[in-house]
Amino acid sequence: MINCSLIGFGEWGKKIYKSIALHNNLKIKYVCKKNIDRINQLKLKTKIVSSFKEAINDQIEAVFIATPSETHFQIAKYALTHKKHIFIEKPVCFNNKEYQVLTNLAKENLLILHVNYIHLYNENFTSLINIYNQRKNNEKTFIKILLGNNMPIRKKTNVLMDWGPHIFSILNYILNSCCYDLISSKINSKTNNKSKCNIYLKFKYKNIYIKALFGNDFKKKNTYISISQNFNRYEYRDSYSKIIQNKKTKEINFQSKSPLENSISQFIRSFKNKNDKKEPLLDYITYQLEKTQYKLTK
């Protein structure tokens with residue numbers, strides 16, 4: 001049994017709490033939330049504390065971090081310094097310098113730093129890309145990505161840092177590379193308020209052309225990826241995948257567990273094996289975000 005703490009109990013923290021309960025190998029000993037009175041009304045069967053330092057103690061082996069993004073670095077650094085394995089939501093932090101501090105701490109202490117890039121644990125996505133990789137050729141390829149909703153983001157997190165980790169984790173996985181070129185970038189906003197906007201990025205990699213539109217100014221939630229080569233197209237949505245070949249459409253649902261359950265399962269396997277088998281390209285995402293942020297603002 002792995003004793004763990006959950007730091008943060010907002011919308012996503014509650015989802016993590018429920019998903020942890022499905023895993024017999026995990027036991028939540030502490031939940032950390034600033035507003036204890038509100039959380040006490042839920043009558044959780046665990047100890048509730050208001051300080052993350054109180055929740056990261058000698059009884060704990062692993063820490064789940066689901067707090068606002070601007071707090072991630074401080075909490076993660078404290079947990080790694082105290083030799084705790086970490087499951088953390090994206091973005092890990094806002095700059096590559098801080099990210100390198102965390103990865104170095106994890107390596108020095110033989111700890112797992114697992115980032116929940118959720119699409120990489122969606123079986124509809126990973127299975128579709130495996131099929132694409134088996135059939136791909138040298139033809140000109142077009143990739144289109146639409147990700148977004150019409151919801152506010154956290155006050156201290158901009159749209160790129162909120163949605164960009166998904167874009168780069170998806171592209172790095174599809175291309176098996178982080179060396180694609182950013183051709184153009186643009187912020188589309190109906191007002192001057194850039195906290196409510198979409199970002200449009202164009203990339204090129206070899207003979208592959210990529211368009212990505214993402215943000216929080218869509219009319220409704222969007223999760224859509226298509227990979228097109230002549231008469232073949234591979235499409236991904238949260239709930240299913242679709243393969244179109246020579247005008248024949250095959251719709252497939254590979255999903256057996258939720259992506260969050262799969263992500264937590266991978267964290268447990270890494271923890272038990274003392275070996276983090278994450279995609280190496282994920283370590284470049286914070287750098288890619290920082291570089292894109294510079295191009296968007298200059």
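**Close-up 1. Asn176 sits in the loop between α7 and β8 (181-188).** This is a predicted model. Asn176 has a positive phi of about 55°. Yet Asn176 is not a glycine. Most residues other than glycine have a negative phi.

**Close-up 2. Lys90 and Pro91 are joined by a cis peptide bond.** Omega for this bond is about -15°. Most peptide bonds are trans. Where does Pro91 lie? Look in the loop between β5 (85-88) and α5 (96-108). Lys90 turns up again in the pocket view, among the residues nearest the centre of the largest pocket.

**Close-up 3. Helices α7 and α9 pack at an angle of about 125°.** Helix α7 covers residues 159-175, and helix α9 covers residues 285-297. Their axes are 10 Å apart. That angle makes α7 oblique to α9. The crossing of the two helices is right-handed. Which residues of α7 meet α9? They are Leu160, Met161, Gly164, Pro165, Phe168, Ser169 and Asn172. From α9 come Ile285, Gln288, Leu289, Thr292, Gln293 and Leu296. Sorted by class, this contact has seven nonpolar and six polar residues, with no charged residues.

**Close-up 4. Helices α4 and α5 cross at roughly 20°.** Helix α4 spans residues 72-81, and α5 spans residues 96-108. Their axes come within 9 Å. An angle under 35 degrees counts as roughly parallel, and α4 and α5 are therefore roughly parallel to each other. Is their crossing left-handed or right-handed? The crossing of α4 and α5 is left-handed. On the α4 side, the contact is made by Phe73, Ala76, Lys77, Leu80 and Thr81. On the α5 side, Glu98, Val101, Leu102, Leu105 and Ala106 take part. The contact of α4 with α5 has seven nonpolar residues, one polar residue and two charged residues.

**Close-up 5. Helices α1 and α8 pack at an angle of about 65°.** Helix α1 holds residues 11-20, and helix α8 holds residues 259-273. The axes of α1 and α8 lie 10 Å apart. Angles of 65 to 115 degrees count as roughly perpendicular, and α1 and α8 are therefore roughly perpendicular to each other. Their crossing is right-handed. Find Lys15, Ile16, Ser19 and Ile20 in α1. They meet Leu260, Glu261 and Ile264 in α8. The residues of this contact divide into four nonpolar, one polar and two charged.

**Close-up 6. The largest pocket has a volume of about 1600 Å³.** Rolling a probe the size of a water molecule over the atoms shows where empty space is left. How many residues line the largest pocket? The lining has 48 residues. Nearest the centre of the pocket lie Glu11, Trp12, Lys90, Arg154 and Asp162. Several elements give two or more residues to the lining. The helices are α1, α4, α7 and α8. The strands are β7 (141-148) and β11 (222-229). By class, the lining has 17 nonpolar, 21 polar and ten charged residues.

Note on methods:
Residues are numbered from 1 along each chain as its sequence is written. This is a predicted model: local features need pLDDT of at least 70, side-chain atom pairs count only at pLDDT 80 or more; totals for chains, interfaces and linings use all residues. Side-chain values use heavy atoms; hydrogens and water are left out. Axes are lines fitted to C-alpha atoms, for helices over the stretch in contact, and angles run from 0 to 180 degrees between N-to-C directions. Helices (H or I, at least four residues) and strands (E, at least two) are DSSP runs, numbered from the N terminus. Angles under 35 degrees count as roughly parallel, over 145 as roughly antiparallel, 65 to 115 as roughly perpendicular and the rest as oblique. A crossing is left-handed if the near helix is turned anticlockwise from the far one by less than a right angle, and right-handed if clockwise. Contact means heavy atoms within 4.5 Å. Ala, Val, Leu, Ile, Met, Phe, Trp, Tyr, Cys and Pro count as nonpolar, Asp, Glu, Lys and Arg as charged, and the others, Gly among them, as polar. On a 1 Å grid over the protein atoms alone, a cavity is a set of points where a 1.4 Å probe fits but cannot get out, and a pocket is an open set with protein on both sides within 12 Å along at least five of seven lines; lining residues have an atom within 4 Å of a point. Grid points are joined across faces, edges and corners, and a volume is the space filled by probe spheres set on the points.
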